[in-house]
Amino acid sequence: MCGIVGLFLKDPSLEPKLGEMLGQMLGVMCDRGPDSAGFAVYGGGAPGKIKLTLRAPAGYDFAPVGAALGDGAELETRATHAVLTIADSREAEARDTIAKQFKDVTVVGAGQRMELYKEVGLPSDVATSFKLSGMSGTHGIGHTRMATESAVTTNGAHPFSTGADQCLVHNGSLSNHRSVRRDLERAGFSVNTDNDSEVAAGYLSWRMKEGRSLGEALEDSLDDLDGFYTFVVGTETGFGVIRDPIACKPAVMAETDQYVAFGSEYRALAGLPGIETAKVWEPEPAKVYFWDRAA
Amino acid sequence: MNATVETHAFDLAKSSVRDLNAALHALKPGSNASLWRVANPRGLHAIAAGLDAPVTVEVDGPAGYYCAGMNKQATVIVRGAAGVGVAENMMSGFVHVEGDASQAAGATAHGGTLVIDGDAGARCGISMKGVDIVVKGSIGHMSAFMAQAGTLTVFGDAGDALGDSIYEARLYVRGSVKSLGADCVEKELRDEHRKELFERFRLAGIDGQIDPSEFRRYGSARNLYHFHVDNASAY
Amino acid sequence: MNEHVKAPAAPRTLPRESATFDAYTLSEIRRAAATGIYDIRGAGAKRKVPHFDDLLFLGASISRYPLEGYRERCGTNVTLGTRFAKKPIELKIPITIAGMSFGSLSGPAKEALGRGASAMGTSTTTGDGGMTQEERGHSQTLVYQYLPSRYGMNPDDIRKADAIEVVVGQGAKPGGGGMLLGQKISARVAKMRTLPEGIDQRSACRHPDWTGPDDLEIKIEELREITDWEKPIYVKVGAARPYYDTALAVKSGADVVVVDGMQGGTAATQEVFIENVGIPTLAAIRQAVKALQDLGMHRRVQLIVSGGIRNGADVAKALALGADAVAIGTAALVALGDNDPKWESEYEALGTRAGAYDDWHEGRDPAGITTQDPELMKRLDPVLAGRRLANYLSVMTLEAQTIARACGKSHVHNLEPEDLVALTIESAAMAQVPLAGTQWIPGANGAF
């Protein structure tokens with residue numbers, strides 16, 4: 001139960017302003033989710049490199065993590081999070097080193113371009129603490145959370161990432177997530193929190209691992225996920241939206257020559273450039289919407 | 001409205017919705033007509049909710065949820081899109097959305113007129129109880145669910161399950177209907193209905209431009225009015 | 001001579017009825033087979049569930065000092081809606097009358113509820129079907145229910161009310177809508193609800209224009225704007241997941257949360273729903289209180305508990321477990337005269353008996369309470385019935401005070417869970433109080 005926002009830029013000249021635009025959208029959605037907030041930004045990335053977003057308790061010094069992985073490891077710290085960039089061939093090694101040597105550090109997301117930040121607190125404060133407004137990128141999604149049945153913790157905050165460069169934010173409430181969780185676990189996907197949204201993210205990653213495209217995985221979710229939901233998902237090159245067939249949870253989209261934007265409410269879009277003349281509509285129930293830079 | 005009408009400007013970038021509504025509520029039901037221009041609505045909620053005076057409020061941009069909620073007497077014009085539940089439970093008066101309306105437009109409204117120039121989302125006119133709704137565009141799924149009374153006139157198309165579990169409301173659709181809901185059936189469009197449609201066009205300010213014969217009428221089959229075992233799957 | 005000696009007859013076992021297929025179950029199967037429709041009835045869960053009867057108070061003696069009955073003050077007043085409302089509600093007793101609709105109840109019954117409650121300085125609540133003059137005119141403090149159907153909903157009545165209760169669910173049917181059979185959709189009820197007269201009315205299970213706490217917050221904001229932030233706003237839920245629902249009601253901006261356990265009544269719902277969905281009142285209170293405590297809102301957002309409250313002991317126990325007030329529905333109807341043995345022959349004619357009559361939706365109530373039949377209605381004298389309700393509320397209050405004084409409390413709100421012990425392991429676990437004579441709270445501290 002929450003507010004969600006998403007922004008997919010078509011015009012490269014806006015890329016330096018992605019964080020600023022997304023942060024403003026997120027701030028407006030504070031009312032819908034005062035408990036915690038998070039966002040994922042698809043920024044720069046180099047072929048052959050992977051970025052691991054790490055999280056640790058406040059005040060944690062991440063420098064030893066970079067040092068432990070030696071030459072070629074770059075580390076950039078933002079408040080309670082840090083982005084570790086290494087050769088993608090060393091991902092398993094890095095995860096292993098972190099798990100064994102740095103108990104306080106959690107890997108919250110991984111990908112060539114995706115960085116993912118989330119924390120407990122008022123969304124506008126969370127965005128400020130991570131300096132979202134200074135981030136650039138091609139697309140991003142964000143979330144403000146009013147926790148329903150799972151705890152108000154950083155782990156329970158959105159977005160959830162369960163695959164490389166994949167993340168999901170959710171507004172709604174799934175009614176069969178315990179069963180889907182058991183299916184995922186049998187398929188070898190671990191679900192770390194009590195949160196129904198993590199199950200949804202894991203479900204999509206599972207389907208994609210089975211060879212489905214993101215669009216197809218979203219179609220599958222209509223059959224397998226029960227309840228009320230609006231999902232906004234990000235991949236390395238794309239951005240997708242789907243609502244359940246009943247579609248009670250609100251969703252508004254806007255498109256101009258420069259961008260495609262999603263908000264739980266129009267308020268979130270009101271500050272975007274050119275919104276006055278944008279095409280604004282509500283996504284239809286049970287229909288997959290998808291934009292892909294690679295296309 | 002005469003030429004001497006008192007005009008007030010209100011900027012929601014500078015003052016709150018609460019201040020706006022407090023000022024509008026301070027107008028008594030019998031007060032003189034006045035015009036209120038509301039700038040910078042930016043999708044804020046409950047703009048001009050609970051009015052009970054013959055005022056005109058012009059909202060210059062998109063409104064959020066429940067704009068003109070429970071309206072009585074007032075004319076509220078939204079020069080942009082309206083969020084969830086515009087004119088919900090309206091009793092009387094006139095609400096005009098110049099853009100699109102979100103879900104549950106005119107929900108449970110008892111009276112008055114709601115005109116939407118663009119499209120309306122899902123559940124338009126849900127549980128309506130006497131309001132007249134005119135949508136110049138199309139409407140979403142589950143519109144007129146459990147609609148009890150009043151009219152819903154749609155120039156465009158209707159989504160899935162139109163008029164599910166409908167009571168005595170009358171639905172007029174010019175375009176296609178994706179599917180009819182339980183107990184909703186097409187009915188003959190007779191002269192009395194053409195006359196009623198003409199009256200609705202007049203409310204929407206477009207009388208004489210459209211032929212009422214282009215519309216089809218839908219209403220209750222009344223099969224669910226008394227529980228019968230053979231209808232159980234429709235409940 | 002042939003001797004036809006009969007073998008002695010083998011001893012016969014007694015006829016044995018199945019505990020699984022008992023007489024009631026068999027009758028239900030036959031009824032379903034004959035009609036093809038589920039059974040609809042009024043009232044709340046009739047099955048036995050752990051309840052307040054399984055709790056006992058620890059009276060004062062040497063370690064604690066009791067208050068002198070009738071002399072030393074024991075307060076019972078409660079203020080509801082202190083969080084955001086400009087005009088909170090002040091009640092003299094912590095027992096309110098739960099929402100019951102005009103339509104399900106007759107006009108004289110609504111009037112009697114108003115008279116009785118007002119005499120004792122407490123509130124009544126409207127129901128699904130709007131506000132009537134009988135009720136507003138005779139209720140000093142009236143809570144106006146805001147329900148999914150919005151029958152008769154209008155801004156004038158909202159402003160006439162003293163508080164607004166957004167009904168998300170009720171204990172008899174968390175997650176369910178309802179059906180009021182045609183016999184009760186009289187001309188007046190039909191007009192108030194904008195429905196054709198005499199039809200079987202269906203009710204929605206969700207609100208038409210919001211779903212979930214984030215949108216409820218916006219709905220509450222609208223209701224506050226319409227009433228200029230004067231009226232307390234309650235949110236009522238049926239007890240199912242009371243921890244989450246209470247927390248989300250608070251996050252959505254409620255002033256008061258109402259939690260209705262599965263024993264809570266209804267005018268008309270499927271029997272299968274009443275008996276199989278929701279949790280007992282006893283099991284709901286501590287979870288709701290925990291949610292308020294975890295948010296730092298206990299006593300700042302008030303908690304009203306309902307569902308099976310019958311006497312002053314129940315009131316005292318609910319308050320001790322952390323509620324600020326209770327609401328009564330079924331008990332209030334009984335006080336007015338519902339199910340009274342004086343109508344025994346008429347109950348028999350309806351195929352039931354006094355005490356078991358629950359076909360409130362059929363509108364043939366001999367006591368003239370759950371009916372719209374003009375002749376039956378005349379049987380209820382609203383003045384006398386109101387007096388009976390006032391008497392009953394007075395007794396409940398005196399009983400609660402008696403217990404509170406015995407526990408050394410100068411206000412009933414000073415009762416606390418530590419004043420209670422449980423008679424059964426189930427009730428000890430649900431109420432999170434120790435089993436009597438032990439330190440053991442099952443599920444909390446693990447050992448004797």
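Start with Glu275(C), which is buried at a relative accessible area of 10%; buried means under 20% relative accessible area, exposed means over 50%, and partly exposed is in between, with a 1.4 Å probe and protein chains only. Before going on, the conventions: this is a predicted model, in which local features need pLDDT of at least 70 and side-chain atom pairs count only at pLDDT 80 or more, while totals for chains, interfaces and linings use all residues. Residues are numbered from 1 along each chain as its sequence is written, chains are lettered from A and ligands numbered from 1 in the order in which they are written, and side-chain values use heavy atoms, with hydrogens and water left out.

Back to Glu275(C). Its place is helix H8 of chain C, residues 271–276; helices (H or I, at least four residues) and strands (E, at least two) are DSSP runs, numbered from the N terminus. Setting aside neighbours within four places in sequence, Glu275(C) contacts Arg41(C), Gly44(C), Ala45(C), Lys46(C), Arg47(C) and Met262(C), where contact means heavy atoms within 4.5 Å.

Arg41(C) also has a salt bridge to Glu271(C), with the closest N and O atoms 2.5 Å apart. The rule for a salt bridge is a side-chain nitrogen of Lys or Arg within 4 Å of a carboxyl oxygen of Asp or Glu. Arg41(C) sits in strand S1 of chain C, residues 40–41, and Glu271(C) in helix H8 of chain C, so this pair ties together parts 230 residues apart in sequence. Both ends are buried: Arg41(C) has 2% relative accessibility, and Glu271(C) has a relative accessible area of 14%.

Next, two sites in chain B. Where is Asp160(B) placed? It is in the loop between strand S8 (149–154) and strand S9 (170–173) of chain B. Asp160(B) counts as partly exposed, at 33% relative accessibility. Not counting residues up to four places away in sequence, Asp160(B) touches His141(B), Met142(B), Lys178(B) and Ser179(B). With Ser179(B) there is a side-chain to side-chain polar contact at 2.7 Å. A polar contact is a pair of N or O atoms within 3.5 Å; within protein, one must be able to donate a hydrogen and the other to accept it, and residues adjacent in sequence count only if both atoms are side-chain atoms.

Glu196(B) is buried, with a relative accessible area of 13%. Beyond four places in sequence, Glu196(B) is in contact with Thr151(B), Arg170(B) and Tyr172(B).

Now the interfaces. The size of an interface is often given as the accessible area lost when the parts come together. Here buried area is the accessible area (1.4 Å probe) that two parts lose on being put together, summed over both.

Chain B and chain C bury about 3,300 Å² between them, with 59% of it on carbon and sulfur atoms. On the chain B side, Tyr66(B), Met70(B) and Tyr167(B) lose the most area to chain C, together 19% of what that side buries. By contact, 38 residues of chain B meet 39 residues of chain C. The rule finds 3 salt bridges across this interface. Arg150(C) and Glu88(B) meet in a salt bridge through their side chains, at 3.6 Å from N to O.

Between chain A and chain B the buried area is about 960 Å², of which carbon and sulfur atoms give 49%. Tyr266(A), Arg267(A) and Glu282(A) lose the most area on the chain A side, together 45% of what that side buries. The salt-bridge count between chain A and chain B is 0, but the rule finds 9 residue pairs in polar contact, both at pLDDT 80 or more.

Last, the charged pairs overall. How many salt bridges does the structure hold over all chains? The total is 65. One of them joins Lys409(C) and Glu416(C), with the closest N and O atoms 3.7 Å apart. Lys409(C) is buried, at a relative accessible area of 6%, whereas Glu416(C) is partly exposed at 32%. Elsewhere, salt bridges that share partners join Asp31(A), Arg32(A), Lys249(A), Glu265(A), Arg267(A), Asp214(C) and Asp215(C) into one network.
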